[in-house]
Amino acid sequence: MISPARPPARRIAALLTGTIALIVAATGCGGGTGAESAPGKVASITALDYYTDEPEHSQWGEILTSCGKRAGVMVEQTSVPGASLVPKVLQRASSRTLPDLLMLDNPDLQQIAQTGALTPLGRYGIDSGGYAKGILSAGTYKGKVYGLAPYVSTIALFYNKDMLAKAGVAVPRTWDELKAAAARLTRPGRYGMAVDANATFEGTWQFLPFLWSNGGDEKHLDTPQAAQALQLWVDLVKSGSMSKSVLNWTQADVHDQFVAGRTAMMINGPWRIPALDKDKNLHWGVAPIPVPRAGQTPVTPLGGEVWTIPQSASKARQQKAAQVLACLNSSSTMLTLAEQHFTVPSRPAVAAQYAEQVPSIAAFAKNVEAARARTGELGVRWPKAATGIYTAIQSALTGEQTPEEALRHAQRTATSN
Amino acid sequence: MRSGPRPATDPRSWERLAQWMFLGPAAAYLLLFFGYPIVKNVVMSFQQYTPTTFYTGAAPFVGRQNYAEILASDLFAKSLLTTLLFTAGSICGQFVLGLGFALFFQRRFPLGGVLRSLLLLPWLLPLVVSGATWRWMLDPDTGVVNAVLRALHLSSSGIPWLTGTSQALVSVILINIWIGIPFNTAILYGGLQEIPTHLYEAAKLDGAGPVTSFRHVTWPLLRPVVSVVLVLGVVYTLKVLDVILVVTGGGPANATETLATRSYELSFQQFEFGRGAAMSNVLVVISLAFALVYLRANRRARNAEEAIP
């Protein structure tokens, strides 16, 4: 659920609201007094997340309530739109009114941990053993674990079964098959393939499986491997198999195109499954993202939100928050959450058990094993590389620059100060 | 002043006190809501102001480094040029069309008043709403604009309104012109109403046609209003952010990135508040230059008016 589904207007409105809040914080007018520090009994704690959409919001509300009950506290859940979460966190950090439990999208964790606003989870004796390596590295800053995610997700190839069957096309497994299949599935009023090539981190996130599976690396973007991956997207657009509008599409837009039958295949995440299931006439399937050569395993980016415990004046509240956090990351909660959100439990042992129960998630479970955290290599420098990557995608797809030129430029952006 | 501590000995000191009491609230308001943010923004532009600053409060001074960095980046020259093109294009379109509408509505005809108020609609709609609607209409594949063009056989493949690097800039300029017409029409229409009708009658008697009477009566008397409209328009257009963010988000490939969207991105997406502040200060300086032009033009206009006995 890297970037929640929202129409652009609402997203921008949320961004602008977040901006105003941040301006207030930056100018030091925050106000507020912070959590009460009375040593007595803690009756309730606060939690902040970005699960604003239903049914996600109430599903998480129930989980938080039941975990709170086990710890003997009420959990007051607040959800803000995804785009305004980090601005909100910064604002509340400056006024010392951070919630007791804070959810962050995993690539944001290191940046927030760097500010000093979070506490290492080792302090509360929370066990971080048995987690998949990727998600643990995303929750770690300077050797200490600051955040744990109950489940992880990644992206895969969704396809319209009816369209593929009618065109006599098999589900593509390699890049060449993808190009051929997309071309054969393209008709007037319909494209073969759709991705999100937006000038945002979401565009970068969708490009990563192609970059990484081909041996490309965010540390060195000016390599032939990276250029080949970008060339694949350029070819898809140039041949007309993919709309040029991918430049403006969010993942939600890509989903809408797929549901409307205007694209036969798309790259998207499992959090779309509930919405896809709603349409009874839509027969869809999901497969791993095609790889450069047959037999390779796709390397996909790791999605998922980590839960953290911010600094607070009240040790008692932090202890309670830690109990709730441990409960969220227990094996049974993991399974419940994974089932609700069509995601993969972040402990491989639990995930294996889960994949046996739900075969449709197997494509994702397999991808998640090899999935990489976006901040795994670059840490707090990741946003710069991500900016470089989406700028390169846009320059190459508009034909302003060749993939090689665009990626050389991206490398300069990534390594600038 | 029947009782009280002491009757004021000097009525003039009372008057002065009253003057200050009237000035006080306005001055306090200006200092708090205009002075403080500007000073803070200038200070911030010389600091390394990052997400960490929000928690620790520590923002070390780095001298002119923020300015050096933003001016040296290759995006700066490009976004400066885009800003100039966007502003010039928007202002020309808004002004010419706005003046045309104002002149048109000056004549009396049935439903003129209703149509004139309908013209204000783009102004009344929230920009996020109209921007999203335009984005939808201009969609290259499914948008209504390309559908019409195809139906009329004006273009077989459709125009890449939002996906072509040069077309996207034209699109946002066109949308901004649409948004700006009401402002220009309203102010220019007001200016036209001020021109005494007997001057037109006199011109007619002298045998002036519509073009001549526009050149020799309307235009000279409208000049002060024109300069106000143009300068305010420039200042408003330089800082346009929401339209671009909603319609193109600065893309594709930074083709619609202006100084304002750059500053927004630096501050609120990359959280480089120091550089964002530096970028917005560059914008403030450019706006200030136009504001000075406006003040001078205003003074000249007033002097010219006073010169006429």
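1. Which residues of chain B does UniProt place under the feature "domain: ABC transmembrane type-1"? The record, an unreviewed entry, puts this feature at residues 80-294 of chain B. The model discussed in this note is a predicted one, and over that stretch of chain B it is 76% helix and 0% strand, with the end C-alpha atoms 22 Å apart.

2. Turning to the meeting of the two chains, 30 residues of chain B are in contact with 31 residues of chain A. On the chain B side, the elements that give two or more residues are helix 1 (11-44), helix 2 (51-56), helix 7 (127-137) and helix 12 (242-247), and of these helix 2 of chain B gives the most, with five residues.

3. By class, the side of chain B that touches chain A has 16 nonpolar, nine polar and five charged residues.

4. Chain A is itself divided into domain 1, which takes in 42-152 and 303-369, and domain 2, which takes in 156-301 and 378-415. The C-alpha centres of domain 1 and domain 2 of chain A lie 29 Å apart, and the contact takes 14 residues from domain 1 of chain A and 14 residues from domain 2 of chain A.

5. On the side of domain 1 of chain A that touches domain 2 of chain A, the elements that give two or more residues are helix 4 (109-115) and helix 15 (362-369) of chain A; helix 15 of chain A gives the most, with four residues. The residues of this side of domain 1 of chain A divide into five nonpolar, eight polar and one charged.

Definitions and conventions: Residues are numbered from 1 along each chain as its sequence is written. Chains are lettered from A and ligands numbered from 1 in the order in which they are written. This is a predicted model: local features need pLDDT of at least 70, side-chain atom pairs count only at pLDDT 80 or more; totals for chains, interfaces and linings use all residues. Domain bounds come from an automatic or database domain assignment. Two residues are in contact if their C-beta atoms, placed from the backbone, lie within 7 Å. Ala, Val, Leu, Ile, Met, Phe, Trp, Tyr, Cys and Pro count as nonpolar, Asp, Glu, Lys and Arg as charged, and the others, Gly among them, as polar. UniProt positions are given in the numbering used here, feature names are shortened, and annotations may be inferred rather than shown by experiment.
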